[in-house]
Amino acid sequence: MFNQNLLNNHTAMGQCDCDCDCACAIALPNDWFIASEEAVPSIPVDCPFLLAAWLHLTDRCNLRCDYCYTAHTAADMSLPLGRAAIDATFRSAVTHSYRAVKLKYAGGEPLLRFPLALELHRYAQTLAEKHGIILDGIVLSNGTLLTAEMVEQMQTTGLRLMISLDGIGATHDCQRRYADGRGSFAEVVRAIEMAQVGGLTPNISITISGRSIEGLPEVVAWVLDRDLPFSLNFYREYSCAACHTDLSLENERMIAGMLSAYKLIEGNLPHRSLLASLADRANLAAPHLRTCSAGQSYLVFDTQGRISKCQMDMAYPVTDCHDPDPLGTLRSSTLGLQSPTVDEKEECRECQWRYACGGGCPLQAHRATGRYDGKSPYCAIYKVLYPEVVRLEKLRLLKYAE
Ligand code: SF4
Ligand code: SF4
């Protein structure tokens with residue numbers, strides 16, 4: 001059965017709202033993996049009903065985060081191109097029988113184009129109504145430009161908000177700075193508090209790098225204290241950030257930092273499911289064949305209306321918003337990113353965690369191994385963390401069952 005409630009539960013069930021399009025999953029009981037840690041599901045599926053689209057409203061940003069993958073040119077998306085991108089998304093959804101569309105208003109910093117985000121989302125609402133498709137929309141922001149008026153308008157328009165916060169104080173500031181080198185922590189906290197006061201609960205995206213890992217427990221405690229939904233995402237290397245070698249994750253430090261953060265979570269278990277938010281791209285809530293929907297159920301529009309398979313692969317557009325069947329073209333494209341199923345990954349196909357993990361980000365695997373079907377370079381970290389995530393979720397369910 002599919003309904004709005006299912007979509008509302010979708011984040012908890014499987015799709016995180018980080019800047020990446022993670023594997024989504026059909027609704028299955030939260031104890032799917034808990035019954036037996038050895039359990040391997042018989043019917044893993046990719047998300048059959050949700051088409052996601054990334055709208056790169058601008059390439060401009062007021063921050064210069066060390067791991068950012070955008071070039072920060074002066075390029076903006078125009079209103080006509082934005083509408084054409086929304087048209088292309090709904091055209092694809094109708095052609096391929098999707099029942100829900102999720103729009104991510106992104107950049108660059110999308111709050112620099114906030115009126116455009118509002119206008120496009122209102123337009124998307126008219127198309128969703130016309131085609132009987134469920135619509136979800138989220139603004140992926142650094143938070144620094146948020147105002148109380150924006151919070152109110154987001155609520156009126158039905159938009160959700162995700163804000164990036166990588167640590168407390170200097171830990172955040174060491175990798176998320178303004179162009180003039182100042183840290184952005186104070187403004188980000190102000191934005192989170194402003195959104196909460198205005199009744200809009202932001203999702204917090206925490207990107208973990210070799211530079212920030214020791215500060216992870218502190219920021220996790222901070223979000224738990226405020227009862228904020230959050231996701232823990234690992235830094236992914238790409239060419240623009242390669243010069244920052246200290247961002248790279250070293251297995252032992254990473255595992256130690258993650259387990260310290262998990263210890264804190266164990267002492268303050270939240271109401272929300274933890275299965276899709278505690279171990280990078282993994283989703284232990286339901287079996288799936290791929291880590292993300294790139295190349296399958298995901299359209300990434302750049303400021304000029306060109307369409308790529310992933311926001312980190314925008315240098316290789318495969319079609320544009322005027323294509324009669326953009327999703328069909330994207331799926332059949334052999335250009336750039338390929339996304340094999342985890343069963344097609346030789347090093348993963350015997351792994352007990354394969355349908356929770358999917359083998360990791362294919363772009364990252366390609367960067368590390370030269371192959372899209374290589375296993376994640378974070379595999380050794382994942383294999384330590386996954387049983388711990390299951391254990392935490394078990395404790396959480398027991399706590400709230402009482
Ligand atoms: S990357 Fe590692 S943990 Fe993930 S499915 Fe492959 S072998 Fe298993
Ligand atoms: S290919 Fe990697 S970066 Fe792109 S959406 Fe998938 S997991 Fe995210």
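Predicted model: local features only at pLDDT ≥ 70, side-chain atom pairs only at ≥ 80, totals over all residues.
Local features need pLDDT of at least 70, side-chain atom pairs count only at pLDDT 80 or more, and totals for chains, interfaces and linings use all residues. Residues are numbered from 1 along each chain as its sequence is written, while chains are lettered from A and ligands numbered from 1 in the order in which they are written.

**View 1. Strand β6 is covered on both faces.** Strand β6 takes in residues 230–234. Helices (H or I, at least four residues) and strands (E, at least two) are DSSP runs, numbered from the N terminus. Five of the five residues in β6 are buried. Buried means that 20 or more other C-beta atoms lie within 10 Å of a residue's own; exposed means 12 or fewer, and partly exposed is in between, with C-beta atoms placed from the backbone. Phe-230, Leu-232 and Phe-234 are on one side. Ser-231 and Asn-233 are on the other. Strand β5 (residues 203–208) runs parallel to β6, joined by five bridges. Strands pair if DSSP finds at least two bridges between them. The chain goes from β5 through helix α8 (residues 216–225) to β6 in a right-handed crossover. Right-handed means that, with the strands pointing away from the viewer, the path from the first strand over the helix to the second runs clockwise.

View 2. Buried residues of α3 include Gly-82, Ile-86 and Phe-90. Among the elements that cover the buried residues are β1, β2 and α4 (114–131). Contact here means C-beta atoms, placed from the backbone, within 7 Å.

**View 3. His-72 and Ser-97 have positive phi values.** Most residues other than glycine have a negative phi. His-72 has a phi of about 60 degrees. His-72 is in the loop between β1 (50–56) and α3 (79–95). His-72 is partly exposed, with 18 other C-beta atoms within 10 Å. Ser-97 counts as exposed, with 9 C-beta neighbours inside 10 Å.

**View 4. Ligand 1 is surrounded by 14 residues.** A residue is near a molecule if its C-beta atom, placed from the backbone, lies within 6 Å of it. Cys-348, Cys-351, Cys-357, Lys-375 and Cys-379 are the closest. Helix α13 supplies the largest share of the shell, three residues.

Definitions and conventions: Contact = placed C-beta atoms within 7 Å.
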